[in-house]
Amino acid sequence: MKTHSAPRSLFALLSGASFALAFAQIDTARAQEDTAAVAMDQAAAVGADPAPADPLPAIQARWAEVRYQLPEGERVKAFDALVNEIGRSQMHHPDDLRLQVWKGIVLASEAGAQGGLGALTLVKQAKAEFEAVIEKDGRVLDGSAYTSLGSLYYQVPGWPLGFGDEDTAAELLKQGLAIAPDGIDANYFYADYLLEQEDYAGAVAAFEKALAAPPRPGRETADAGRRAEIEQGLRKAREELGQG
């Protein structure tokens with residue numbers, strides 16, 4: 001802050017002791033102004049670039065909105081925008097593995113929305129994100145990287161088009177379940193895998209366990225959408241067993 005010096009006419013009127021007293025008063029006033037200026041500068045510096053809040057809840061909420069509420073024709077563009085948003089958040093939180101997991105999840109979701117062979121590029125990018133997280137700490141977010149990577153391995157075509165592999169999928173999904181045995185996503189994807197493998201009895205058991213998973217605070221939209229998928233899979237498995 002710029003300080004204001006006293007008018008020159010003031011010094012012309014003062015002499016002797018009165019001058020010394022006035023000069024001391026002016027110095028005191030200047031010191032007070034300088035102190036106030038420093039305080040204001042510090043406050044401005046703090047306010048100018050505050051530490052970013054945890055971006056994950058907003059990312060999760062937006063994903064659920066796009067995945068379960070947005071029209072299908074709008075999802076690819078929306079997921080792509082969310083991937084970019086996560087990238088910006090990673091600039092502020094470069095060591096946050098949760099963001100890396102969610103970048104992989106959104107990339108995989110974008111691939112699912114896009115469909116076709118063109119989605120394989122996105123799937124491979126998602127795979128790389130999950131593998132990088134597992135290499136550092138696969139237990140983050142209740143083992144979501146294991147579960148998500150396992151889901152890719154049973155949904156993606158095998159060689160020569162893709163990297164799909166049923167055995168690898170089973171291994172990864174079981175690792176995710178070992179970390180989150182009661183988790184809704186870990187049980188859902190394992191159930192869906194068993195359904196694909198035509199293990200209908202196993203799928204029913206896993207779907208039922210997924211339905212029994214406790215609700216996740218703040219993730220009501222995601223839970224509602226996932227439960228609808230679970231119920232759909234459960235009906236199909238039961239029909240195959242003649243229980244429908």
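Guide: A crossing of two helices is called left-handed if the near helix is turned anticlockwise from the far one by less than a right angle, and right-handed if clockwise. In this predicted model, local features need pLDDT of at least 70 and side-chain atom pairs count only at pLDDT 80 or more, whereas totals for chains, interfaces and linings use all residues. Residues are numbered from 1 along each chain as its sequence is written, and side-chain values use heavy atoms, with hydrogens and water left out.

Visitor: Which hand does the crossing of helix 7 and helix 9 have?

Guide: The crossing of helix 7 and helix 9 is left-handed. The contact (heavy atoms within 4.5 Å) involves Thr 147, Ser 151, Tyr 154 and Gln 155 from helix 7, and Asp 185, Ala 186, Phe 189, Asp 192, Tyr 193 and Glu 196 from helix 9.

Visitor: At what angle do helix 7 and helix 9 pack?

Guide: Axes are lines fitted to C-alpha atoms, for helices over the stretch in contact, and angles run from 0 to 180 degrees between N-to-C directions. Here helix 7 (residues 140–155) and helix 9 (residues 184–196) pack at about 15°, and their axes are 10 Å apart. Angles under 35 degrees count as roughly parallel, and helix 7 and helix 9 are therefore roughly parallel to each other.

Visitor: How many helices and strands does the chain have?

Guide: Helices (H or I, at least four residues) and strands (E, at least two) are DSSP runs, numbered from the N terminus; the chain has 11 helices and 0 strands.

Visitor: What percentage of the residues count as buried?

Guide: Buried means under 20% relative accessible area with a 1.4 Å probe, protein chains only, and 40% of the chain's 244 residues count as buried.

How values were computed:
Angles under 35 degrees count as roughly parallel, over 145 as roughly antiparallel, 65 to 115 as roughly perpendicular and the rest as oblique. Buried means under 20% relative accessible area, exposed over 50%, partly exposed in between (1.4 Å probe, protein chains only).
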